[in-house]
Amino acid sequence: MKNKILFSIMAFVLGFCFTACSDDVDYGINTTPLLKDGSVVTGSADVTSTSATLHGTVAGLDGQATSAYVTGFYYGLSQDNLSERVVAPSSTSFEVSISGMPGTVYYYQAFVTLQGKVTYKGEVSSLTLTDSKAVTGDYQDLTANSVKLSGQIQQLPANAEVGIVVSGVPGDERVRAGVRIPGVLGTDYSIDALGLVPATTYYYAAYLDLGQGVVYGETKEFTTPAKEFDVDNDLVDLGLSTKWAKCNIGANSETELGALVGFGDLTGYNTSINPEDYASSDIYKSAQDIANKVTDGKTTIPTIAEYEELFRCCKVEWIEKEGVGGYQFTGPNGNSIFMPAAGSRTQGTTASIGTEGRYLSGSINATDPQFAMSYLFNQGGNARSTTPVYQALAVRPVSVAKNIPFDKSLLCKTWEIDLTLDGEYQVFHGPSYFYGTDDSWRTVTNGEPVVGDSWCWDADFAGNTWAVGGSAANCQGSITFNEDGTVVVKHVDADGKETIEEGTYTVDEANKTITLEGANCLAPANFGPGYTDDLKNNIKILSLTDKSLQLAVMRTDPSQDACLLSINMVPQLEKYGYKATLNCYGQKPGGGEPSDAWAGATVTVAGGQTGTYTVTFNTAEPRAYGQVYVLDIEGFAAAYPNAFVKIDTLKADGKVIPFDANKFYYGDIENNGKYRVEIANIWGFGHNDAWNGLKDTPFHPGGGETTEETALAFNSTFEVKFTIVSLDTNLEFTAKQTAVGLEPEFKMHGNWGKENPGAVKVVKENFQYKLASTSDFSMLLDVDADCDGPAANGAVCLVDIVDIRKYFSGFSAELKSVVNDGVNVPFDASKVLYGDLEDNGNFRVELHNIWGSGTAANPAFDGATVVEGNNCVLSLGYQKSCKYTIGNFSTELFAKPW
C-alpha cells in the first residue's frame, strides 16, 4: 500500500509539493501562485494630530495559517526612504498604529512576507497628522436615482478638497476606495450623487483631502427606493427584434447619463479593478444582469448581437439634445431613441463625458473573460469594442415584454383540453407543455425575461403521446367556471367513465393563480398522485384569452426533476365548432305552413378559423314562396364580434338564384350572440310597412316590395354556400400609392407603395355595409420626405386599396386627377385599368405599369418612351411631388348579378 505525505513549502509562493510512497517516490510542483501583483493593497489611514492607524488588505491567503505569513507596513518621512517597519497581527485585513508630531507627513506601504522568504508590497500612500476631522452627514432628497449627501469639516485647512465618497460595496476600505464626488470647499457642504440604481444599498463617507493624505468621516448607508418600470411607456419599438428602453439605467430621462457599471456590477459604484470582483461569463438574463434586477425582471442588458442590430438596421446620427451630445437611432418604423455620450469610468475617474458613448452588453469576450463586449460611438463613427470587465459603462435595457391585462371574466365559460379523440387541435399542438418552475403569467403571457428556472418545451401530441399517458382518450372532460365563483369539473377516464365534481374557486389576480375547493382541476387522466400531487392549490394561470387557457401544476414525480406541466384548453364551442342553422320558412303551394316549417338544416363551423361551408335544407313539402330565410351561426357573434360572413351562392333544387347581397343584413341582429345573415325576413330588418312581406327584395333587378318572394321557391332542396372571410375584420382599408420611374441600368426611383391607412372606411349601419364617405381623397408623395429620388418618367404608377375586394366584390373607384410638381397631367380615362387585377383581393387603379395588365401596351398618359426595352411615359415623371386623386366610389359594395 502506498502512503503519500504532502509537504507544502510556501517560500516562493509557488508552493512546492513533494509526494513520497513506500514503493516509489514522485515529485509534483504546484505552479499556482498564492499571491500576485495587486494582492497586497495599501489602504487608508485614520489620523489625529499625533497618531495614525494604517489599514491594509491581502487577497489570496484565505484559509492559510496566520503563522505562515507576516503583515505590516513600511513607513517614513520620504517616499523613497521608508526606513521604519512595523508589524501588524497577521490577517487578510490588518492595521497598525504609529505616532508622531502634529503636521508631520508620513509615507507608508503595506507588505506581506511569506514564510519569512518572499515579500509582496502595496503601493505607497501618504498621510498628514492633523486635528482636522471630517463628519459624515445624513442623506436627504432620496429618489430611485439620486440623493443629496452632506459633510462637515472641523478645523478646515486651506488648499484642501472636500467631498463625499460613495461605494456600492460595504466596508470602510471599500467605501474609501469608492467614487469621489467633490464639494465646494467649506466647513459645511453637500453634493448630489446621481446615476444611482433603484432598490440598492449604498455606502458613503465625508472626506477631506489634504494633498498628502485624506481624512475620512464615519461610513453611513442608504437604500434607494424601487422604481416601477412600465413596459407600455418606458420602451420604444424601433421595428427591430427587441424594444429599447427610453433612457439609461440610473437615469430619469433620455438625456441623463445614468449609471456607469462594470460587467456584473449591480450598483454602478464598484471601483475595484480586480477582474475577480466582476462576472467572467455572459450576464444576459442572469443574477448579475443589472437591467433585469432594476426593472424587476422586465428587461435585460442587451447582447452584443442586439447592439449590432441596432447600429446596422437604424439610421444613426450624432446630435445634441438639450445640450447633451449623443447618437439618435431612427428605426425602420420611424420611431427613435437617443443615447447620450455618457463616457466611462475606471476606478473613480470618469472620462469622455459628452464626447464618447461606451455601452455595456451582456456578452463576455469569448477569447478572454477579463474583457466584456461593448459598443463605442463618437462623432467620428461607431464600432463593436471590448473593454476590461472593471471599466464602468452605460447600460440601455432591452425587452420584448408586454403588459397584457388580466381579465378574470374570460375564465367564465366551459373549457376542454385542446385535443379531440382523433388528435386534432385548435390552438395548442400539444395538450400539455413543459415549463420551468419559475414560469408564470409574467413569462408566458407578458414575455418578461425573468431570471430563474424559466423555459418551455411545447411538446406536440403527434410525437409525444406519452406526455398524456399515450392516448387522446386521456384528454376528455370539461371544467366550467361560473361567474358566481362555483366550478363544475367533469372528469373522464380513458374508458369513458365520467365523474362530476362541484366546488368553488378563487382567483389571486395579483399572482395569477387559481385555488379550487371541493374539486380537482381538469387535467389529462395520467395526472394525479405520484405525478402531480396537487390539482387544487395555487394553480398558475400561464395564459388566458377568450379563445385559450393554460393552467399549470407542478410535476412532483420523485424520479424526475420538478417542472410545471401546463393544461392547454380551449372553449368547448371552439373545440367542437359552432352550429350554423339554415331556416327556410315559407308557404306550401295552395297555402298553409309545411310541417317542417322551422326544422332547419345544420352544418358545423370550425372555431378559430376561416373557411367555406355549404348547408342544404331537404324537404318533402315544397315551398311556393319564401318568407323567412335566415342563416344563424350560434354563439359566433359573441365569440367573434368583428367577424365577416358572406353568402357565396344560393340554389333552389340545384338552380342558382341570383341575389343582391347589398340588401342582406349581417351580424348579431337579435342581440343574442348569434351571427345572422338575413337573406329574407318579413318580420326582420327587411320587412315592409305591413309586416307581411319584403320592402326591397334582393332577388330581382331593381328590387321593390313583394309579399310572396317566389324566387325562393323550391320543391326539395335549398342550398346556401357561405364563407367565413375573417374572424376579426378591420373595415378601415389602406391605400398604397406607387409612383416609380425607370432609368438606364434598371435604376428605379420614387416610392414603391406609400401607405395611407384608413383611406377607405366601411361602416355597418342597421346591419348593412356602406362606405363611410364617398368623397374624393388624394395621396401625395413628396420627393424629399417619401422617395429615394425623383422619377424621370412613369414605369409603375398605381394605387392599391389593400384587401377590400376580399370582403366587398363590388367596390370600385376611379382616377380623378394626377398632379405632378403642381401641374395637372391629362390622361385618357378609358385606358386606366381598374379591379382586382392581380387576383389578390386588392382593388387596383393602374395608371401605368410596365409589367401590368395592359397599360404598357395601351398607355393612358402621353410621352411614350422606351427605357431598357420597357414602355414608360414621360408625363408621369416628377421632380418634387406627385399627387393622385381617387373618387367616383361605388355606393354598393357587393357585386350584383344584373
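A salt bridge is counted where a side-chain nitrogen of Lys or Arg lies within 4 Å of a carboxyl oxygen of Asp or Glu. Asp46, Glu173 and Arg176 are linked in a network of such bridges. The structure is a predicted model, in which local features need pLDDT of at least 70 and side-chain atom pairs count only at pLDDT 80 or more, while totals for chains, interfaces and linings use all residues. Residues are numbered from 1 along each chain as its sequence is written, and side-chain values use heavy atoms, with hydrogens and water left out.

By the salt-bridge rule the count comes to 28. Lys220 and Asp138 form one of them, at 2.9 Å from N to O. This pair links distant parts of the chain, 82 residues apart: Lys220 lies in strand 18 (residues 220-223), Asp138 in the loop between strand 11 (133-136) and strand 12 (147-154). Helices (H or I, at least four residues) and strands (E, at least two) are DSSP runs numbered from the N terminus. Asp138 is exposed, with a relative accessible area of 53%. Here buried means under 20%, exposed over 50%, and partly exposed in between (1.4 Å probe, protein chains only).

Lys754 bridges to Asp786, with the closest N and O atoms 3.1 Å apart. Lys754 belongs to strand 50 (residues 750-765) and Asp786 to helix 7 (residues 783-786), 32 residues apart. Lys754 is partly exposed at 25%. Asp786 is also partly exposed, at 23%.

An open sheet of three strands has the order 26-27-28 and antiparallel pairing. Two strands pair if DSSP finds at least two bridges between them. Strand 26 (356-364) and strand 28 (381-388) each have a single partner strand, so one side of each lacks a neighbour in the sheet. Strand 26 and strand 27 (residues 371-378) pair over six bridges. Tyr359 stands opposite Tyr375 in strand 27. Helix 3 (residues 304-313) lies across strands 26, 27 and 28, at about 15 degrees to strand 27. Contact means heavy atoms within 4.5 Å. Axes are lines fitted to C-alpha atoms, for helices over the stretch in contact, and angles run from 0 to 180 degrees between N-to-C directions.

A second open sheet, of four strands, has the order 7-6-9-10, again with antiparallel pairing. Strand 7 (84-88) and strand 10 (118-128) stand at the edges. Nine bridges join strand 9 (residues 105-114) to strand 10. Tyr106 has Leu127 in strand 10 as its bridge partner.
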